[in-house]
Amino acid sequence: MLPFAPFFARRTLGGLGASRHDGSAWFAGVVRALCLSVGLLAVGARAADPAVTFVGVALDAETARADEKLREYLRAKEGLKFEPRDMEYGAAIETLVSWNVAERGPLIARVTPYVYMVAEMLGANLDILGTYVGQRTQETTYASYFVMHRSFGPRADDLDGLVKFLRARAKPASFAYHNKFSTSSYLLPSLYFRRMGIFSANQANSPEQKHVFIRAEKPPQAEGSSDLVTLVRQRRYDFAAIWEGTQRKFAEDPDLRFLKLPNILPNDLLVFTAMPDRTLRERIVASLRAMQDSDINVGDFLKWQDFNAAPEARRALASLRRLTKSAPTPVPIKIRGENRAGAEVDPRVFEAARQAVQLSGTEFVLFDEDFHKQFDVLWTLRKSHDDSVVITSEYPDFKLPPQQFHISYKKGDQESLVARIEEQISNGMHRVRDIWPYDDEVPTVLRDVRFGLPVGSDVRAVKITWNDFTNNDRVVGTPFDVVVAESDFHAFRFKVDGFPKRADGIHLDFDPLSNTVHRVILVRPAPDTRLFRVGTYLLVALALLAAVLALRSAGQGAGPVRASGER
């Protein structure tokens, strides 16, 4: 309680002394005093609220004004004071991931859906407070569109016609985007391109090839989706992708055509750094619930709404999560026996190895010579004894020393052999992962393995150019060593040495739309042998001690030796 609250209560009750025998009047005074004390406590608590950092992402003039009105609304409703910061996509992600609430206080951010998802994947602890209602649609979701000049593209206004047109065009069409973290202008079209077998590369299209090539670029003058429309209208680029709000602005332009992409996206999200005390969070959500249509009403922003009361937006976000959560690229394993006379392996051992790969639930799959063009891992099986087998595991692309697994099992028990091999796959083998192509500053692997990588340790990377990733048809570059710079529960980050850079010499040359990826082998750390060494030393010491005690005991048991003739 505030220091002056008891004093105020005493003064209020003291004034009732003359009528204290009047029970109802005295009780009413008590209630008034308590109410005033609680009110003062509430005022004191609000006065003590720390300044809240407010981050806005992907700003244009209308969005900036909508953010400002949201801050004014929350200040009027909750007495909050804000420290606004406007950021581009990448900087916002970094801020959300690295934000320390205990040191820097609470943070609220208005972010696009993919910025939120990336920050969450990299370890940010965020609560979604709300999403906004679109002014024109009255919806909490929106669509994305391809935009192209009337002189470009198929005659039919459908996506299938566009894909056929891009395939038939020898010169790759140019696709413009403004940021790799834009949900509508980059993420959604990239997911569609991948599904349709469309890649960005400086290669001509031909009828016999399986994939379609385009040329994706980020024009330096493109800061938002409206800039992309301008570039397409000027025929400086063949097509681009934009969100529904921009599409409406140019819908009546006779020189432009629009093709709607199939997936629905949630509107921008209002997120809050999670805190143990949820009081501030609940106050903000209550204010969003009370918001009227006239409280924002700027550009596409009509008002903000509690996210829990927006089922369409929740479903759209869940669908987007599923679309972007891709499994690791399959890694085919070829299994063979040792190539020497008398080294035949029981066919049941081969069958157990194949079953173990299929049951492991990892990126490893069985190599099928009638389907796969190449394998990534080579297993050589060698019989050691009747109840043991040795598996030599090689990774030819990375040119690493092979791993060896000595596996003992109960003779004649194939189930136990399958289980032992599967255990080695899950807990013993090195793992193969692609570099996450959206970060062009730090080479990053999104972690999904049980083991960590020691900072400063070496792993090996290689460039892969896909001809067809479905059947593992690829061209492999020369492997090179990279160093682990950071390692946590969410990601492995590596030093940039060895990875290719763009012409500016600063940014890494990673392209999610490209058919080129960089792959690393996550070398499983060797188990700490210090405990085993200590145990070995203890065993040796105990053995020596036992020998000394045995000799001493034997000497004492013999007794004194008597001289000849002594009685």
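**Pockets and a cavity in the predicted model**

Colleague: Which residues lie nearest the centre of the largest pocket?
Modeller: Thr324, Ser326, Ala327, Trp436 and Pro437 lie nearest its centre, among the 48 residues that line the largest pocket. On a 1 Å grid over the protein atoms alone, a pocket is an open set of points with protein on both sides within 12 Å along at least five of seven lines, and lining residues have an atom within 4 Å of a point. This is a predicted model, in which local features need pLDDT of at least 70 and side-chain atom pairs 80 or more, while totals for chains, interfaces and linings use all residues. Residues are numbered from 1 along each chain as its sequence is written, and side-chain values use heavy atoms, without hydrogens and water.

Colleague: What volume does the largest pocket have?
Modeller: The largest pocket has a volume of about 1700 Å³, taken as the space filled by probe spheres set on the grid points.

Colleague: And which elements give two or more residues to that lining?
Modeller: For the largest pocket they are H6, helix H8 (183-196), H12, strand E20 (431-434), strand E21 (444-446), strand E22 (458-468) and strand E26 (516-522). Helices (at least four residues) and strands (at least two) are DSSP runs. H8 gives the most, with five residues.

Colleague: How do the residues of that lining divide by class?
Modeller: The lining of the largest pocket has 25 nonpolar, nine polar and 14 charged residues. Asp, Glu, Lys and Arg count as charged, and Ala, Val, Leu, Ile, Met, Phe, Trp, Tyr, Cys and Pro as nonpolar, with the others polar.

Colleague: Moving on, how much space lies in the second largest pocket?
Modeller: The second largest pocket holds about 1000 Å³. Its lining comprises 36 residues, and Lys180, Tyr438, Asp439, Asp440 and Arg502 lie nearest the centre.

Colleague: Which element gives the most to that lining?
Modeller: Helix H4 does, with six residues. H4 (89-98) and strand E9 (212-217) each supply at least two residues to the second largest pocket. By class, this lining has 15 nonpolar, eight polar and 13 charged residues.

Colleague: How many cavities of 30 Å³ or more does a search of the whole structure find?
Modeller: The search finds one. A cavity is a set of points where a 1.4 Å probe fits but cannot get out. The largest cavity has a volume of about 40 Å³.

Colleague: Which residues line the largest cavity?
Modeller: Gly134, Thr137, Thr141, Tyr142, Trp243, Glu244, Arg248, Asn267 and Asp300 line the largest cavity. Strand E5 (141-142) and helix H10 (244-249) each supply at least two of its lining residues. By class, the lining of the largest cavity has two nonpolar, four polar and three charged residues.
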